[in-house]
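The report below describes selected features of one model, moving from single residues in loops to a sheet and a helix pair. Please keep the sequence and the structure at hand while reading.

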Amino acid sequence: MSKFSQIKAVAFDLDGTLIDSVPDLAAATRATLAELELPLCSDEQVRSWVGNGAQMLMRRALSFALDEQVAEEQLQACMPRFMHFYKLNLQQHSVLYAGVESVLSRLQQAGYRMAIVTNKPFEFTIPLLKAFNIDGYFSLVLGGDSLSKMKPDPLPLQHILHEWQLETVQLLMVGDSKNDILAAKAAKVASVGLTYGYNYGEDIGLSGPDAVCEQFSEITALLNQCDKATEQ
Ligand SMILES: O=C(O)COP(=O)(O)O
Ligand SMILES: [Mg+2]
């Protein structure tokens, strides 16, 4: 029996998994730094800072720009500015990764329940899903601030298991970051690691997901032609 044969529901990460959001995150980060007259960062740097939510992204950006530890008051003072700039341009340059729309559609038709588990603040998550017209695929959406803890804590996945009354063998986490894989392991659910996203420049395979995919479209084959959810 395959590791994925009992899967009935899939929790998807967002940034670096469904959407390449770095261009807009980087633009908002630079706008915040520019306002403070600090050195600006590149998209490439932002790629390596995404993964632990907006506040950690700004903490990493400030620590780069100031070349020192960031004072808590300074971080808190610039967060509303980052949020303001990002909200203005959530999807100016961000794009859906190849194959996302068709895989989500096939999985929905096959009867899988689907959720979003992102560390991105919730207030940006729904507008972004709507902007790409994929909000209708997800019956549960959790942002990094929806619960008291974010990935790599297992709480968001445990919340889904509880809400949907699932056994651990029935839920799969799909993500690009070690935070996704660590959260899955801590919640004792299966995970798929994607290689094309953001993982601090590290190989996602090193986190030990149950499978590694180079492309999003490989997920349907892993789930055995998508017919399992309707069979069970
Ligand atoms: O906002 C982040 O830092 C990461 O978001 P993700 O959990 O959707 O990858
Ligand atoms: Mg991600």
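A residue is called buried if 20 or more other C-beta atoms lie within 10 Å of its own, exposed if 12 or fewer do, and partly exposed in between, with C-beta atoms placed from the backbone. This is a predicted model, in which local features need pLDDT of at least 70 and side-chain atom pairs count only at pLDDT 80 or more, whereas totals for chains, interfaces and linings use all residues. Residues are numbered from 1 along each chain as its sequence is written, and chains are lettered from A and ligands numbered from 1 in the order in which they are written.

**Residues in loops**

Helices (H or I, at least four residues) and strands (E, at least two) are DSSP runs, numbered from the N terminus. Asp67, in the loop between α3 (54–66) and α4 (72–88), has a positive phi of about 60° although it is not a glycine. Lys188, in the loop between α8 and β7, also has a positive phi without being a glycine, its value being near 65°.

| Residue | Other C-beta atoms within 10 Å | Class |
|---|---|---|
| Asp67 | 9 atoms | exposed |
| Lys188 | 14 atoms | partly exposed |
| Val169 | 16 atoms | partly exposed |

Although Val169 and Val189 are 20 residues apart along the chain, their C-alpha atoms are separated by 6.1 Å. Another loop, between β5 (140–142) and α7, holds Pro152, and the peptide bond that joins Lys151 and Pro152 is cis, with omega about 15°.

**The sheet**

Two strands are said to pair if DSSP finds at least two bridges between them. On that basis 6 strands form an open sheet with parallel pairing, in the order β5-β4-β1-β6-β7-β8. Its edge strands, each pairing on one side only, are β5 and β8 (211–213), and the twist from one strand to the next averages 20°. Strand β4 (residues 113–117) pairs with β5 in the parallel sense over 3 bridges, and here Ile116 stands opposite Val141 in β5. Strand β6 (residues 171–175) pairs with β7, likewise in the parallel sense, over 4 bridges, and Gly175 stands opposite Gly193 in β7.

How many of the residues of strand β7 (residues 190–194) are buried? The count is 5 of the 5, so β7 is largely enclosed by the rest of the structure. In a regular strand the side chains alternate between the two faces of the sheet. Both faces of β7 are covered, with Ala190, Val192 and Leu194 buried on one side and Ser191 and Gly193 buried on the other.

**The pair of helices α7 and α8**

Axes are lines fitted to C-alpha atoms, for helices over the stretch in contact, and angles run from 0 to 180 degrees between N-to-C directions. Helix α7 (residues 155–163) packs against helix α8 (residues 178–187) at an angle of about 50°, and their axes are 8 Å apart. The two helices are therefore oblique to each other, a term for the angles that remain when those under 35 degrees count as roughly parallel, those over 145 as roughly antiparallel and those from 65 to 115 as roughly perpendicular. With contact taken as C-beta atoms, placed from the backbone, lying within 7 Å, Pro156, Leu157, Gln158 and Leu161 in α7 meet Ala183, Ala184 and Ala187 in α8.

How values were computed. Contact = placed C-beta atoms within 7 Å.
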